Amino acid sequence: MEQDFDVVIAGGGLVGPALGLALAGAGLQVAVVDPAPRAERAEEGFDGRAYALAAGSQRMLAALGLWDDLAPESQPILKVVAADGRAGEGCAPWPLRFDAAEMEGGPLGFMLEDRFLYAALRGAMDRLTLIAGVAVNSQHETPAGIEVGLSDGRMLRARLLVGADGRRSGVAVRAGITRSGHDYGQTALVAAIAHERPHEGTAYQMFMSTGPLAILPLTGNRSSVVWSERSAAADAIAKLGDADFLGLLAPRFGDFLGEISLCGPRFSYPLGLTLADSYVAPRVALVGDAAHGVHPIAGQGLNMGLRDVAALAEVLVRARRLGMDIGRFEVLEQYQQWRRFDATTMGLGMDAVNRLFSNDNPILRAARDVGMGLVGAVGPLRRAFAREAAGTAGALPRLMRGQAL
């Protein structure tokens, strides 16, 4: 059995469906191939996973017609505080602060639980063809396009195959795209907590000597915690019971939100940097973690993936309207030129920040504390950093500006 599409997308997480909806909304015939057998994430209750959506990402979801349903479930990020930290001591005396009141266009971003975002994307998939429970296991370029083999024996034909299949992208491997990067020797411990006092929409990024600790506001008196530790220590902490886990987290967390308790399961995952050496190959393009897997500092991973989606969709739709073959390398190279330098710079920048702050050298500690204090004291520089974090700086694709394709 063979089926014809303009674009086949391998990967049914968040980035792949977002791209599918953007392209289908512009009239392209799209198939999303999702190895997951069913929409399990949309059916489960709160599991602690959440994302810090930059303002640009929120505008994109609005342009796709999803935000009206998501807005009531989101928590606006009104302030961000970044500082050095030590267990039991709290923030350093000169934290870097960003305030939405200084920015145009509303909050710095929004916190949104995975279950709501996934369900919204999955619920809109009737606009395209969703093939669930099977995987892409082969791809072969032809004179007219690309043939995509599925694990159930079906063959799909398309102009373009997009890899949205994660850091170990099979699409990238089969296309001969190599990767660069390294392991951080850190593991992220992720949990959701309830707390006594309101967070007032403030996100905290504390840089501990063993890795950064992010405390991100959720709806109600709840926050998402992303606690990065050296891997050996993190593995031991992950095995602790909830009470002992909280006993180690509390002195790092501080008491500014009062008593804390767990309100969901805990997760852990190893951290590393992985960058695809090319985002495109003949009849192939990569988006999201398939193109770049970065450190979770500032929660930019999903936002980078959504910016890939916005850029690739705009390039493909423009080419289609000009009567061009959307899978031609000349078309795909426009996407690569738009996104690869920006994403690589962001990934390496977060890598440098993690290296600079993940130590307890007193000289470096004093220098970075003074540096953050100076950035915070210079209004235009502070606002420029805030615009970059909010995803509203640079040459934005139309969807990131909230505009239809």
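I call a residue buried when its relative accessible area is under 20%, exposed when over 50%, and partly exposed in between, with a 1.4 Å probe and protein chains only. By that scale I find Val353 partly exposed, because its relative accessibility is 28%.

Basis of the entries. The model is predicted, so local features need pLDDT of at least 70 and side-chain atom pairs count only at pLDDT 80 or more, while totals for chains, interfaces and linings use all residues. I number residues from 1 along each chain as its sequence is written, and side-chain values use heavy atoms, with hydrogens and water left out.

Entry on Val353. I place Val353 in helix H10; helices (H or I, at least four residues) and strands (E, at least two) are DSSP runs, numbered from the N terminus. Leaving aside neighbours within four places in sequence, I list Phe207 and Ile297 as its contacts, contact meaning heavy atoms within 4.5 Å. Phe207 is 146 residues away along the chain, and I note 9.5 Å between the C-alpha atoms of Val353 and Phe207.

Entry on aromatic pairs. I searched the whole structure and got four aromatic pairs. Rings of Phe, Tyr and Trp (its six-membered ring) pair if their centres lie within 6.5 Å; planes under 30 degrees apart count as stacked, over 60 as edge-to-face and the rest as tilted. Tyr279 and Tyr335 make a tilted pair, because their ring centres are 6.3 Å apart and their planes stand at 40°. Tyr279 is in the loop between strand S18 (267–276) and strand S19 (280–281) and Tyr335 is in helix H10 (residues 329–357), so the pair ties together parts 56 residues apart in sequence. I find both Tyr279 and Tyr335 buried.

Entry on helix H1. I looked up burial along H1 (residues 15–25): 10 of its 11 residues are buried, so the helix is largely enclosed by the rest of the structure. Among the buried ones I note Val15, Pro17, Leu19 and Leu23. Just after H1, Gly27 has a positive phi of about 100°.

Entry on a sheet. I trace an open, antiparallel sheet of three strands in the order S3-S8-S4; two strands pair if DSSP finds at least two bridges between them. Strand S3 (50–54) and strand S4 (75–77) are at the edges with a single partner strand each, so one side of each has no neighbour in the sheet. S4 and strand S8 (residues 109–113) pair over three bridges, and I find Met111 in S8 as the bridge partner of Gln75.
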